[in-house]
Amino acid sequence: MAMKCIVRKALFLAFFIAIVSFGYAQSIIKVTLLGTGAPVPSVERFGPAILVEAGGQKLLFDCGRGAAQRLWQLKIPLGKIDWLFLTHLHSDHVVGIPDLWLTGWIPAAYGRRDHPFRVIGPGGTKDMMQNLVKAFSWDIYTRSKENNKVDSGIDVIATDIKEGFVWEKDGVKVTPFTVRHADFIDSALGYRIDYAGHSVILSGDTRYSENLARYGKGADVVVHEVAAANEQSMQKSSLINQILGFHSSPEDGGKVFAQIKPKLAVYSHIVLLTADPKIPPPTVNDIVIRTNKKYKGALQVGEDLLSIEIGDEVKIIKNPAAPKPAEVIK
């Protein structure tokens, strides 16, 4: 009798823990940095891509080089991505789209999309997707003859958006806002994601942006891009100065973080430049030191497959399977 009572208590406790854990998982925003790199074809830092999981949905923001590989490294079938949001259409942010779209349609375990491929982004997104459909028409035609695939899984629904648009589903709210990537680019976007009383800001590519700081008010976590080069490289290379002019310095990032005051600031899309192999590029530690001139709060320099859980507390989870990123990208 006593043993039955102990077993019942154990089962009840296990059930209670499972319910609490499920409830916690359903009330958090989980952000995973699939790729923290830039156009450099690095195997340590893949192209820009951030997975946001909230309200039972999987939302991907940008789809750079290797996004599909990182998803499957986490054993997430490509077909399970519900929506793809784009910050802008530079190649390093979109070059992984054909892989995610077409491989996600394959009926193997790594694919199995059973709904249209849905893409939301700035002006030009719809045209880009229509032309990708044309470019891969042979592949689509031949694979459509195979069995075991859901026909709608290859369909594309693309929508052009701008600041003022709001996407909402099952309690998850996605708000785009304009950022300052370059004087000749007026369509680059950042995103704010809100769910269950918590929020995260994704900067996209931008120089210092007052608009980003305004939309970031009250955000728990800010994921921001950063670019840096040492003074010697800046003196030697006009190209480096041009690149830096399209991005935020660590001081710029620190200024934004200090204005928003998040629980955690995170760097992704990390661009560390040098004009000469003999001139060392900045290190991750250099970025932190320069950021700390403007911002003294919690700061994490991202790496591929790092996750952040945003709830009443903010937790950083490093994936032990993630490759150790090099500190410098020349």
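Which residue in β5 is the bridge partner of L84? Before I answer, a word on the source. This is a predicted model, in which local features need pLDDT of at least 70, side-chain atom pairs count only at pLDDT 80 or more, and totals for chains, interfaces and linings use all residues. Residues are numbered from 1 along each chain as its sequence is written, and side-chain values use heavy atoms, with hydrogens and water left out.

The partner of L84 is V119. Helices (H or I, at least four residues) and strands (E, at least two) are DSSP runs, numbered from the N terminus. Strand β4, residues 83-85, pairs with β5 in the parallel sense over two bridges; pairing requires that DSSP finds at least two bridges between the strands. Strand β6, residues 156-160, also runs parallel to β5, and five bridges join them. Within β6, D160 is the bridge partner of G121.

I turn now to burial, where buried means under 20% relative accessible area, with a 1.4 Å probe and protein chains only. Five of the five residues of β5, residues 117-121, are buried, so this strand is largely enclosed by the rest of the structure. F117, V119 and G121 point one way, and R118 and I120 the other way.

Next, helix α11, residues 284-291, has V284, I287 and T291 buried. These residues lie on the same side of α11, because they cover an arc of only 60° around the axis, taken from the directions from the helix axis to the C-beta atoms. The buried residues of α11 pack against β11, α10, β12 and β13, where contact means heavy atoms within 4.5 Å.

Finally, S209 is found in the loop between β10 and α7, and it counts as buried at 1% relative accessibility. Not counting residues up to four places away in sequence, S209 touches T178, V179 and R180.

Key. Buried means under 20% relative accessible area, exposed over 50%, partly exposed in between (1.4 Å probe, protein chains only).
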